[in-house]
Structures are given as structure tokens and as C-alpha cells.
Amino acid sequence: MSRTDDDSWDITEGVGATALSVARARVNETDAECPLYTDPFAHFFIDAAVEAGWTSPFLDDAGATQMMSAYIACRTKQIDDFFTAAGANGLDQVVILGAGLDTRAWRLRWISGTVVYELDQPKVLEFKQRVLTAHAARPATDYVAVPIDLRRDWPKALQEAGFDPSRPTAWSAEGLLPYLSAADQDKLFENIDRLSAVGSRLDVEAFGPDFYSAEGLARRRERIERAREAARAAGRPEVPDPSRLWYLEPRADVAQWLSERGWEVSTITAPDLMASHQRQAPDEFAELVPDTTFVEAQKT
């Protein structure tokens with residue numbers, strides 16, 4: 001699938017299908033002997049997709065797949081903890097950007113009065129709601145879906161859905177930025193900054209220069225070709241190339257951008273985060289850990 005300025009997707013297509021891969025990784029973590037978190041709803045999404053004919057192209061016993069599952073587990077735990085800390089500090093307005101099949105509104109414990117707004121493509125949110133409703137799953141707090149492309153006027157849609165920019169907000173942007181152009185990324189953070197009252201908090205999975213570089217792209221495509229060969233040998237669907245869905249172009253450093261606009265910033269790299277949870281990648285897979293930094297910021 002090639003990207004265009006007005007493209008859209010369903011849950012098994014293009015960018016939407018990446019949400020199923022993440023849900024599959026969350027199933028793996030939930031079923032682990034000592035999980036960092038549990039997400040019982042992830043099973044529902046995978047079962048529904050399989051019933052509709054979807055087959056995961058990845059081999060769950062492959063070392064690269066296990067490493068990426070470990071990375072996603074640590075990423076999920078990091079953002080879970082961010083929202084828990086934000087709630088402990090009284091923030092009861094939450095916005096999850098590019099929510100995909102995230103189920104934090106259902107599985108986390110929220111402080112009384114919390115409202116969680118989720119933004120994503122209409123078909124993605126419709127699939128999520130349909131599956132959860134079929135399993136009688138109810139949100140753990142007030143929940144508002146805002147079906148909209150983040151390249152459109154999402155601030156207007158968010159405020160029309162009830163969002164109050166005068167109240168401090170806890171924001172997250174997980175697995176999102178490569179799917180936006182550099183210009184759209186700038187616009188995203190400009191809108192977050194404009195809509196954030198003092199005391200608002202933000203958690204971002206930021207991608208470094210190597211991620212967007214030609215050298216990094218070449219290494220990823222070499223690994224993808226090896227994964228495709230393994231999938232073909234196992235009679236599985238062709239492994240997709242997610243880089244075809246990304247905007248691989250230089251862009252602003254997220255931590256620096258926020259610091260320059262009065263946000264107090266702290267960061268942790270992906271390898272350090274994984275080490276903190278005893279999920280380090282083995283030496284032979286260390287280069288597969290994404291060039292990412294988790295940026296937490298508070299507007300002062």
C-alpha cells in the first residue's frame with residue numbers, strides 16, 4: 001500500500017493492519033508466564049480478525065518476532081505507568097492519539113471522573129467497538145471515540161466531542177509519528193501545545209535519526225526479506241513492509257521541540273527501557289530494537 005494525502009484504511013489494510021500486529025504482541029505478553037501487564041481484550045481482536053480471514057504473517061517462534069513483542073510489551077507498560085502517574089496527580093482528561101486497538105480505557109484503573117478520548121480512523125474505531133460490544137466489554141471510565149484522520153481538523157472534532165482545553169490533559173502518541181509527514185508531525189504537536197493547559201502531560205514514542213535514514217531503511221528491508229523467505233517456507237502470508245507506510249524524511253526532535261516551548265521533559269531510550277524490565281534484546285537481535293526514545297513532558 002502506497003501512502004497518499006487522503007488515504008484511509010480498515011483494520012486489515014495498510015496502517016490499520018499494524019494495529020493487529022501490535023494486538024498480537026499484546027496477546028503474547030498476556031499469555032506470558034510473568035507478564036508486564038495483561039490485556040484480555042487483545043485476544044478478542046485477533047479472534048475476530050482471524051474469523052474474517054486474517055492470518056498473521058509473522059512466525060511467533062522467530063527470534064525477531066519475540067524481540068519485537070518484548071519491545072511492544074515494554075512500550076505498553078511505559079505508557080500504562082504514565083497514565084497511572086498522571087491520574088495520581090489529578091489529571092482526569094485523557095487523549096489517546098492514533099489509538100488503534102489500545103484498550104487502556106477498558107483495562108486500566110482510572111481516577112473518578114476520568115474521560116478518555118480516542119482518536120483514529122473511523123473504520124478502526126468501529127471494528128474495536130464492534131468486537132468489544134460483542135463480548136459485553138464495558139469501559140472502566142467515561143469513554144468517547146472521536147473517529148477522524150489526524151491529518152484533518154482533529155482539534156475541532158475533539159472539542160465538539162466534549163474536550164475542554166482549559167483543563168490539564170494527559171496525552172499519548174504511541175506508534176504514530178512515522179505514519180505522519182514531518183509537516184503533519186509539526187502540526188500535531190502545535191495543536192497539542194495549543195490545546196494543553198498548564199499542568200498537562202504528554203508521553204510520546206519518538207523516533208530517532210537512524211530510524212528515518214537510508215541506512216536504517218536498508219537494514220530493515222534486508223531483515224524483512226529474510227522474514228518473507230521464512231514465511232514462504234512455512235506457507236504463511238507474505239510479510240508486509242511497514243516502511244512503505246512511513247514518511248521517511250528528516251523531522252524535528254520531539255524532546256527539543258517541547259523543551260523550547262516550555263515543557264519540562266524527561267527521556268528514556270528503548271534499550272534502557274527494555275533493560276529496566278529485564279527484557280534486553282539478545283546480542284544477535286540488538287540491532288532490531290527500534291531507534292526510539294520515550295519522551296515524557298509536562299507543560300509548565
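Modeller: Contact, touching or meeting means heavy atoms within 4.5 Å. Helices (H or I, at least four residues) and strands (E, at least two) are DSSP runs numbered from the N terminus. This is a predicted model, in which local features need pLDDT of at least 70 and side-chain atom pairs count only at pLDDT 80 or more, while totals for chains, interfaces and linings use all residues. Residues are numbered from 1 along each chain as its sequence is written, and side-chain values use heavy atoms, leaving out hydrogens and water.

Colleague: Which residues of H5 does H2 meet?

Modeller: H5 covers residues 122-134, and its axis and that of H2 are 10 Å apart. From H2, the contact takes Phe41, Phe44, Phe45, Ala48 and Ala49. Their partners in H5 are Phe127, Lys128, Val131 and Leu132.

Colleague: At what angle do H2 and H5 pack?

Modeller: Axes are lines fitted to C-alpha atoms, for helices over the stretch in contact, and angles run from 0 to 180 degrees between N-to-C directions. For H2 and H5 the angle is about 105°. Under 35 degrees counts as roughly parallel, over 145 as roughly antiparallel, 65 to 115 as roughly perpendicular and the rest as oblique. H2 is therefore roughly perpendicular to H5, at an angle of about 105°.

Colleague: Are H1 and H2 oblique or roughly perpendicular to each other?

Modeller: H1 (residues 14-30) and H2 (residues 41-51) have axes 8 Å apart and an angle of about 130°. The two are therefore oblique.

Colleague: Is the crossing of H1 and H2 left-handed or right-handed?

Modeller: A crossing is left-handed if the near helix is turned anticlockwise from the far one by less than a right angle, and right-handed if clockwise. The crossing of H1 and H2 is left-handed.

Colleague: Which residues of H2 do those of H1 meet?

Modeller: H1 contributes Leu20, Ala23, Arg24, Arg26 and Val27. The contact of H1 with H2 divides into seven nonpolar, one polar and two charged residues. On the H2 side are Ala42, His43, Phe45, Ile46 and Ala49.

Colleague: Which residues of H3 are in the contact with H1?

Modeller: H3 spans residues 63-88, and its angle with H1 is about 85° with the axes 9 Å apart. H1 and H3 are therefore roughly perpendicular to each other. H1 brings Val22, Ala25, Arg26, Asn28 and Glu29, and H3 brings Ser69, Ile72, Ala73, Arg75 and Thr76.

Colleague: Which residues touch the most other members of the largest nonpolar core?

Modeller: A nonpolar core is a set of buried Ala, Val, Leu, Ile, Met, Phe, Trp, Tyr and Cys residues joined through side-chain atoms within 4.5 Å. Buried means under 20% relative accessible area, exposed over 50%, and partly exposed in between (1.4 Å probe, protein chains only). The largest nonpolar core has 71 residues, and those touching the most other members are Leu97, Leu119, Trp154 and Trp171.

Colleague: Is Leu288 buried or exposed?

Modeller: Leu288 sits in the loop between H11 and E7. Beyond neighbours within four places in sequence, Leu288 is in contact with Ala64, Met67, Met68 and Arg223. Its relative accessibility is 12%, so Leu288 counts as buried.

Colleague: And what is the phi of Gln278?

Modeller: Most residues other than glycine have a negative phi. Gln278 lies in the loop between H11 (270-276) and E7 (292-299), and counts as exposed at 62% relative accessibility. Although Gln278 is not a glycine, its phi is positive, about 55°.

Notes:
Ala, Val, Leu, Ile, Met, Phe, Trp, Tyr, Cys and Pro count as nonpolar, Asp, Glu, Lys and Arg as charged, and the others, Gly among them, as polar.
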